[in-house]
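Hi everyone, thanks for coming.

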Amino acid sequence: MPQANYFAAVGRLLLAIMFILSGFGKIAAPEATQGFIASVGLPLPMLSYLLAIVVEIGGGILLVVGYQTRTVSLVIAAFTFATAIFFHNNFSDQNQMIHFLKNIAIIGGLFQVAAFGAGSLSIDARRLRTA
């Protein structure tokens, strides 16, 4: 299927956009973000805040360009799972349940990227061709 590589690239982009935008949102509101992290009982809100920015923006960009895609997608999947568990665990609230399930679906997409790689429109593929 010739369009499969385009689907892979667009899929990576669509997954990454939400993480990149979320990371920039955290940069725009550092106190609120750290307060929210502290409110769920996580230790070291500043460190968690910085880690979230690195994973969301850094991982998102790496996912878009397709560099170390399998590893990056697994790191983002682990981050997304932790987010689901710590921030969307009130299943009696339908909105929180929806957010939890969306996170699980996002993890499924990231697992697909980890399983099948970035496709030919990526730095990973370019590195393999020149090696």
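This is a predicted model: local features need pLDDT of at least 70, side-chain atom pairs count only at pLDDT 80 or more; totals for chains, interfaces and linings use all residues.

Which helices each supply at least two residues of the lining of the largest pocket? They are α1 (4-28), α2 (30-39), α3, α4 (69-87) and α5 (94-116). Helices here are DSSP runs of H or I with at least four residues, numbered from the N terminus.

Residues are numbered from 1 along each chain as its sequence is written, and side-chain values use heavy atoms, leaving out hydrogens and water.

The largest pocket holds about 670 Å³ of space. By pocket I mean an open set of points on a 1 Å grid over the protein atoms alone, where a 1.4 Å probe fits, with protein on both sides within 12 Å along at least five of seven lines; lining residues have an atom within 4 Å of a point. The volume is the space filled by probe spheres set on those points, which are joined across faces, edges and corners.

There are 25 lining residues, and K26, E56, F79, T83 and F87 lie nearest the centre.

Let's pick E56, which sits in helix α3 (residues 45-65). E56 counts as buried because its relative accessibility is 4%, and buried means under 20% (1.4 Å probe, protein chains only). Leaving aside residues up to four places away in sequence, E56 touches F19, I20, S22, G23, K26 and F79, where contact means heavy atoms within 4.5 Å.

Technical notes:
Buried means under 20% relative accessible area, exposed over 50%, partly exposed in between (1.4 Å probe, protein chains only).
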